[in-house]
Amino acid sequence: MSQWKQELCLRNLLQSLTLQIFQDQRSRLKTQYFLQESIPTLFLLVFKIDRFTDEDQETVEATTRVLGPQRMKNCFLLFTGGDTLKTSLSNYISDYKSSLLPEVVKSFSSRTHLFNNKDEGRRQVRELLLKSRHITTGTNLETLLEDLGLDQFYEEKLSLSKILEINEKIISEEPPKCKSDLSWYFLKKLMMVNVTARKIKCTSASESNSDDSLSDDFYFDDLLACPNVDETLNPLDIITALFLCSDGFVHQELALKMSMCQFSVPLLLPNCDTQQCTLMLWAMRDIVKKYRPSALAKTKGFIEERIVLSELPMISFVRLGKCSLSKSEILNKLLNNPDDTFVHHNMECGDIQRRISNGLTEMTWYLPCGNKNMDIFSEPVAIANLRGDIASFETQFSFLCQTSAAVFVFFDQLDSECELLMNKKHKAQIFLVGNQQNKNIRDDSVKKLVASLALTKNNILIKPKQTSDADFVKLLRKRVSDVINNPQLKMSVQQMAGVAHELGITVDEDSPECQDGNKNADAITAEIKYTFLFKENQFPLQGQIWKELTFLEKEEFRLRKVGSEDIENYKSTLIKKREEQRQKQNSYAMSSVMTCFISAISRPHRERCYFLKWMRMNLDNLSRIKLSGLRELYKEKCKDSENKQEIKEIDQQLSSSSLGVEHFFREMGQIYEASLCLPETEPSRQQLQHLPRLCAQLLLDGFPLELVDGDASNIPLSWVSDVLSQLNDLVSPKNKILVVTVLGVQSTGKSTLLNTMFGVQFAVSSGRCTRGAFMLLIKVNEDFKKVLNCDFMMIIDTEGLKSPELAQLDNSHEHDNELATLVVGLSDITIINIAMENSTEMKDILQIVVHAFLRMKEVGKKPRCQFVHQNVSDVSAHDKNLRDRKLLLEQLNEMTQAAAKMEKKEENKKFTDVMEYNPDTGNCYVPGLWNGNPPMAPVNAGYSETVYELKKNIIQQLGKCESTSNNILEFSEWITSLWNAVKHENFIFSFRNSLVADAYMRLCTEYNQWEWEFKKEMYKWVTTAETRISNFGSFIETSEVSDMNEFITELKADFKYLHQCVPSVAFKSFS
């Protein structure tokens, strides 16, 4: 019987054998039946831990009589309610003075067990069955996965959506208390890119509540006692287990976050049950690195590429037999990483014996920054580290010898005829590393091996007794540098897949879904040669047509160019033009690329996800190459100031050369919207009705959907509404949502903040910043729904405001103000992201948002806002900036009063009447992202911890707020009504801030006064002049002016004087 089935049968048996001594005759007969059975039987006496009565004592005595001495060996005392204990079971019983419980427990010897009512039942049952020897331990992998609570994910893999769920543990400060907490605690820390993620161990209740006082029972021997190693695991085992129990998308996320923390990532992942290992090529696909080799130091250029595509020399470090030198610790000193790239025995829990991670080959990279005083190596290099003895892992060792430029073999004892090192297929240089302090090193064996391998003196490194680790590392660096500067072999991780297949090593990208996704993505991206032409040819509906439609939609509401034309006729003309543009869109047949794209996302779930991931990576690679070339050309042209026109054209290309998956979905949305203008019976319309459901499913899968098109500054309302409607159908009745939005100036780290906070993947690199606004859905765990009163959290990421690219456009203020008003109006909480302590740059935007809210009756809600000040590491920042926060609030209050006065809504006297904000709790100061100088700097632990505190604060605030749009359909309606209100707004969005708008209003009032005075004076002058002209030549006029020329000159002089007395602007207006 398999281990899993055996456990299940015995668990069922356990549940049916609760002995009831003092029950009715039927129960006693049932008891006698079990006593006669020959099968292995476990008898349990179950008591609640917080009480042991006289009746319970009698039950124990009766059980002893009935079972007899032999069967009592299979009887256990099982206590329940262990979650209420604040100490260990043994301590609790020894302190129990009010009954005979300690004596009873003593009579049962070690046959006692404690159940935690809040813990998972299966694991506890298995522990009891193991203790009673009713089952034997399974394989190392099985037992470890059960200990970690991951056994259920070994077949059905752990998904990213499961990891990203909002649950109680997110805001819990409790350290892990048992082994099953360790993996989730590690994931929680890692998803927030916390460099302390690997420092995890269980904290017992007695340990957390210990004090320093000396008791009567204190013995100094306790200080020398080892901690309970049964409750601790090696971090490498936890990492290996998580990779074995996760799907490919979790692999990518784990590898990316580990890389950002400067942790080593799995290159070859072992499975100790199957004795197979896997090359983790797909897992590392998403890692993109920037670095500056020595050749680009002078020009300040840099290289940016996916690390699996970089052809780099790899230096591998392995161990032969036992070794007194800590290989991993030496490697950390070699790389000079204070946070430890590799786990070693002097780390927390690093000395715990590894159970499943032997054979694990880890990989990291050293990438130079171009500063010779800071760089350890002037050229990029990959570093690999094999865990365990190479004699036990020959396949991994062979792989490293065929893919590395050099292999450093750490040893204490060498066999002169070591076949492992004699393999002629090995391409790598061999370096032997020994420790003179070890007495097992035999000079004769080393000399024979050196002669057999034809090694030089430089290939041997022996650490003398008197040499410090620092000096030895210095020598090791010199040897590694020599290899890097003159490598015999350079190979990318992608190229290593061929070697892996030859050696029988599986590659994680070999799965059919991954290969099919790659094939479909390549078929599309292979068509792209020139981004601008590709977009023009393949996406005709979202180009100039969509921008023209945007203008017509807004003009229909705002009527800015109506002039003297009749308003109804003007509107009718606009509607007709809009219909013409839709007809023009429908005249285009769906492009071949869009046909392939829609076909690919219509495939089964896993293949669709792989396809979209391949698409994103391929498009990023293309954009990166294109942008790199344009930047170099721009830099070259800028040297000559006469190339202004060429520089302008290159600048335009830089702005328009971005191409991402969002452009494909944008075209899909336009195809769908255009089809709605066709008759319902039209086949081409009916063929597209499934598109919103496809996108709704992708939202559920965790992919972001474009809400606002940043290029056209518009929302395709029909498309977005239908997608959300389908999403509602998919999740109903669990359709309640809360909305969190981030808003801020360009390049202040908004997307990085959301990625760190929620573990998501909004685009932050590749030379492409966010344009428009994107929404992403995160599920709320069932147990946490009562706290938040919602089923999902909607995260909205927005493009940076005050973009230099848009600043030159006439409507740049309008674009920013519309976007800000929309997303703040949609949100339950808006995170206002600010660079440093300076809030001036966002003050203008907030003024417009509040002013717009005062003007728009449809808003009807009071959003909360949370200011986040980036790159502020000073611990005194909160206190020191108290005055600035008060001043900001005063300015916002003054602005609100001015806006309210303008809108005749003077009941709004304060900023907090419109938006909920507390200057004391509504500000968060976040340290810088990197702890040091990139590319080798890990993420700052202070950044992760502060963002974690911010996340807890936001979730707690969300638990208290009442959402205006309580469910998905209401949210969809809210988008429509709010966007229509924004489109109606014809005045305030055109201004930089409310003060400018107020100044404009006052100027208009003054202008109107001037205009009226001028018209009055002009009317009087014209009347007088006409009278004089009529009377010219008469008796009255003759006495004053007799000559016609003189008369005309006098009239001109009067007119000139009048002209000088009024402002020229009014005069022009009158003319």
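Is Leu678 buried, partly exposed or exposed? In this predicted model, Leu678 is partly exposed, with a relative accessible area of 21%. The cut-off for a buried residue is under 20%, so the value of 21% places Leu678 in the partly exposed class. The report returns to this residue after an outline of the chain.

## The chain as a whole

The protein chain has 1071 residues, of which 52% count as buried. Its secondary structure consists of 43 helices and 21 strands. Among contacts with a separation of 6 or more, 76% are made by residues 24 or more positions apart. The protein chain exposes about 51300 Å², and carbon and sulfur atoms supply 49% of that area.

| Helix pair | Residues | Axis approach | Crossing angle |
|---|---|---|---|
| Helix 23 and helix 27 | 567–587 and 661–675 | within 9 Å | roughly 115 degrees |
| Helix 9 and helix 13 | 179–191 and 248–260 | within 9 Å | roughly 65 degrees |

Helix 23 and helix 27 form a left-handed crossing. On the side of helix 23, the residues in contact are Arg582, Gln585 and Asn586, and they meet Gln670, Glu673, Ala674 and Ser675 of helix 27. By type, this contact comprises one nonpolar, four polar and two charged residues.

Helix 9 and helix 13 also make a left-handed crossing. Here Leu187, Leu190 and Met191 of helix 9 meet Glu253, Leu254, Lys257 and Met258 of helix 13. The residues of this contact divide into five nonpolar, no polar and two charged.

## Around the end of helix 27

Ser675, which takes part in the contact with helix 23, lies in helix 27. Ser675 has a relative accessible area of 1% and is therefore buried, given that the cut-off is under 20%. Leaving out residues up to four places away in sequence, Ser675 touches Asn586, Arg685 and Leu688.

Leu678 belongs to the loop between helix 27 and helix 28 (683–686). With the same exclusion of residues up to four places away in sequence, Leu678 touches Asn586, Ser684 and Arg685. Along the chain, Leu678 and Asn586 are 92 residues apart, while their C-alpha atoms are separated by 8.4 Å.

## An exposed loop residue

Gln353 is placed in the loop between helix 15 (327–335) and strand 9 (361–366). Which class does its relative accessible area of 68% give Gln353? Gln353 counts as exposed, because the cut-off for that class is over 50%. Apart from neighbours within four places in sequence, Gln353 is in contact with Asn234 and Asp237. The C-alpha atoms of Gln353 and Leu233 are separated by 7.8 Å, although these residues lie 120 residues apart along the chain.

## Backbone geometry

Most residues other than glycine have a negative phi, and most peptide bonds are trans. Several places in the model depart from this pattern.

A cis peptide bond joins Ser732 and Pro733, with omega at about 5 degrees. Pro733 sits in the loop between helix 30 (717–731) and strand 16 (737–744). Another cis peptide bond joins Pro934 and Pro935, with omega at about 15 degrees. Pro935 is in the loop between strand 21 (923–925) and helix 38 (941–960).

Leu559 is not a glycine, yet has a positive phi of about 55 degrees. This residue is found in the loop between helix 22 (544–558) and helix 23. Asn789, likewise not a glycine, has a positive phi of about 55 degrees. Asn789 lies in the loop between helix 32 (785–788) and strand 18 (792–798), and counts as partly exposed at 45% relative accessibility.

## Cysteines

A disulfide is a covalent bond between the sulfur atoms of two cysteines. How many disulfides are counted in this model? The count comes to zero, where the rule calls for a pair of cysteine sulfur atoms within 2.5 Å. Cys272 counts as partly exposed at 24% relative accessibility, whereas Cys790 is buried, with a relative accessible area of 2%.

How values were computed. Residues numbered from 1 in each chain as written. Predicted model: local features only at pLDDT ≥ 70, side-chain atom pairs only at ≥ 80, totals over all residues. Heavy atoms only, no water. Helix = DSSP H or I, 4+ residues; strand = E, 2+ residues; numbered from the N terminus. Buried < 20%, exposed > 50% of the residue type's maximum accessible area, 1.4 Å probe, protein only. Contact = heavy atoms within 4.5 Å. Areas by Shrake-Rupley, 256 points an atom, 1.4 Å probe, with all protein chains shown as cover. Axes fitted to C-alpha atoms, helices over the stretch in contact; angles between N-to-C directions. Left-handed = near helix turned anticlockwise from the far one by under 90°. Nonpolar A, V, L, I, M, F, W, Y, C, P; charged D, E, K, R; others polar.
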